[in-house]
Amino acid sequence: MTMEKKVNIMVVDDEEIVRTSLTGWLEEDGYHVEAVESGRKALERLPERDWDLMLVDLKMPGMDGIQLMDEVHKTAPELLVIIMTAYATVDTAVKAMKKGAYDYFVKPFNPDDISLTIRKIVDHHKLVQENLFLRKELKKQYKLRDMISKNEKMLEIFDLARTVAKSSSTVLIQGESGTGKELLARAIHDESPRMDAPFISVSCASLTESLLESELFGHEKGAFTGATALNRGKLELAQDGTLFLDEIGDISLKLQMDLLRVLEQKEFRRVGGSELIPINSRILAATNRDLAAAIAEERFRADLYYRLNVISIHIPPLRERREDIPLLVDHFIEKFNIEMGKEIRGISEGAVRILMGNDWPGNARELRNVIERAVVVAKGNIVTESDITLPSTTSDANHRTKSLEEIEMAHIRVVLNDNQWNIVRSAQALGIDRVTLYNKIKKFGLKKEGAPPKR
Amino acid sequence: MATVRTMPPIPVPPESFEARRNQYYSTRILKEMLGEVPQDALKLLGVTDKDLCIPILTYVFGEAQVGGTAAVVSLARLRQEHYGLTPDRPLLLERLRKECLHELGHTFGLVHCPSMDCVMHVSNTVVDVDTRGRDFCWGCQTVVASNTETERRG
């Protein structure tokens, strides 16, 4: 005895004996069955219930079975129709199936055939419903593809990502390193209509200007020494798909200019080429730098910034959503269990406390690495405190081997970076006056990271 | 406890015969049986050697009124001989027992049960009859018990 929703079946046949015997037999199977004698009556009953299946006689006076099926499918295209006939002709069977019948039975039926067919339909139907339900559950819960969170801000980001995925707008994803900018970009691609086209990722910081240029735009054969063959760039490879430009804040002013042109004109040339190639890829960009500050210092073009920043998503660092740490820990343990064939069942309370107490400057990526190591070294099937090794932070790394002066220099650098090189605020934080700080900067030769050489 | 009484045989009504198919229309037999139900009987179960069918199906092992009074079971397709095999009386009786319980179950308001171990599991072939369980599952038993109680009081 199951408590599922009853399956609703409508039988349409002009012969009374067929209606009663089929109804009785199907009712033994626990279905809700209603039988009517004509196509017209069937259409009248159609809106009364959420029908799952219609068994329709082919030859009926007035509207025949195929005409009825056509009418039904106009308003209920999903409704499955089985055509019944006393006359077995291949022609009508083929016609019925072509018109969209689910199956075709010759009267009288073999009870096993019809029973199996209906069961198959019902099982399939149940799976579809269940799938829809689970999809909805999954969506409203805490997952977006490979990302997981129960933090309010993150859930808003997931929602926004799903919405923007439907469009082709450029999205600028900001956040500290390790927060999952590329995962989010991938999720946007996977949720978008472009999901079947390629997702191409370029890390802009890891390449020199000329290498990045040919990486992005490709080059013609002979464009420069070593260009022995035509090479298609990432822009071309991402055709119809998504191009993800990671660490966009690190690209040179010249490349910024080139990229701006691509975004505006939707076309580009390969290096050393003259042909204009149209592009239809969506651009997503990410950075862990403060682009607004970079614009103020003329290291980043404002016009490119506005082009990229049509939609802006800022992923909060892990220390601002500590409630996600246990969730991520479970997620990573499960992942590494599969990858390494381990059977870790959980993590001790003490170990969780250590993880919750850490600030995670490297964010979820750093947490993942710590868990990966823990899963490797864990002796039993529980990760314990002794399996956890937190990476040492820059401020206290190997301090025993460093001189006092070196530590002073490192600390001043950290404070300056934390305060975006605002001298007044940094001096306050260090508890010294402005002039002293200036002198220290000069003495240690400190420079703002990524700053252009002084002209 | 229910008591079981065997009645004298009733002839199969001639109008239930489907000459074209050489089978008997079970719903018509049920109708005939309803006129023969003794006053003190809760249910009436018929057993026949005739091959049964309903107009829309090539054959049935039996038929019952769901939540009604009468049920009928045919021996024809439960016999090994029907499939060209040597007769097996114990197997025939086991199948008959299961089919009788199954059809009676319908008269107690039961529909087919998803559990393979339950005698109310659907069976369209003798293989189905042989593989499913020989008694009601816990859930179906509860339904039979509570429906019997109401019917007796009613």
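# Two chains, one chat

Student: Which residues does Met54(A) touch, leaving out those up to four places away in sequence?
Tutor: Met10(A), Val12(A), Val72(A), Leu79(A) and Val81(A). Touching, or contact, puts two C-beta atoms, placed from the backbone, within 7 Å.

Student: Where do these chain letters and numbers come from?
Tutor: Residues count from 1 along each chain as its sequence is written, while chains are lettered from A and ligands numbered from 1 in the order in which they are written. The model is predicted: local features need pLDDT of at least 70, side-chain atom pairs count only at pLDDT 80 or more, and totals for chains, interfaces and linings use all residues.

Student: OK, which residues touch the most other members of the largest nonpolar core?
Tutor: Met54(A), Leu55(A), Val56(A) and Val81(A), in a core of 61 residues. Strand β4 of chain A, residues 80-85, gives the most to this core: five residues. Another core lies apart from it, with 60 residues, including Met147(A) and Phe268(A).

Student: What counts as a core, and what counts as buried?
Tutor: A nonpolar core is a set of buried Ala, Val, Leu, Ile, Met, Phe, Trp, Tyr and Cys residues joined through C-beta atoms within 7 Å. Buried means 20 or more other C-beta atoms within 10 Å of a residue's own; exposed means 12 or fewer, and partly exposed is in between.

Student: Switching to sheets. In what order do the five strands of chain A sit?
Tutor: The order is β2-β1-β3-β4-β5, in an open sheet with parallel pairing. The edge strands, each pairing on one side only, are β2 and β5 (103-106) of chain A. Neighbouring strands are turned by 20 degrees against each other on average, direction ignored.

Student: What do "strand" and "pair" need?
Tutor: Strands are DSSP runs of E with at least two residues; helices are runs of H or I with at least four; both are numbered from the N terminus. Two strands pair if DSSP finds at least two bridges between them.

Student: How many bridges link β1(A) and β2(A)?
Tutor: Five, with the strands parallel. Within β2(A), Ala35(A) is the bridge partner of Val11(A). Four bridges join β1(A) to β3(A), residues 53-57, also in parallel. There Val11(A) has Leu55(A) as its bridge partner.

Student: Which side chains of β2(A) are buried?
Tutor: Val33(A) and Ala35(A), which point to one face.

Student: Now chain B. How many helices and strands?
Tutor: Four helices and seven strands. Of its 154 residues, 32% are buried.

Student: What order do the strands of its sheet take?
Tutor: β3-β7-β6 of chain B, an open sheet with mixed pairing.

Student: Why is one side of β3 and of β6 in chain B left without a neighbour in the sheet?
Tutor: β3 (44-48) and β6 (62-64) of chain B are at the edges, each with a single partner strand, so one side of each has no neighbour in the sheet.

Student: Last one. How many residues of chain A are in contact with chain B?
Tutor: 18 residues of chain A contact 20 of chain B. Helix α1(A) gives the largest share of chain A's side, seven residues. By class, that side has eight nonpolar, five polar and five charged residues. Ala, Val, Leu, Ile, Met, Phe, Trp, Tyr, Cys and Pro count as nonpolar, Asp, Glu, Lys and Arg as charged, and the others, Gly among them, as polar.

Conventions. Axes fitted to C-alpha atoms, helices over the stretch in contact; angles between N-to-C directions.
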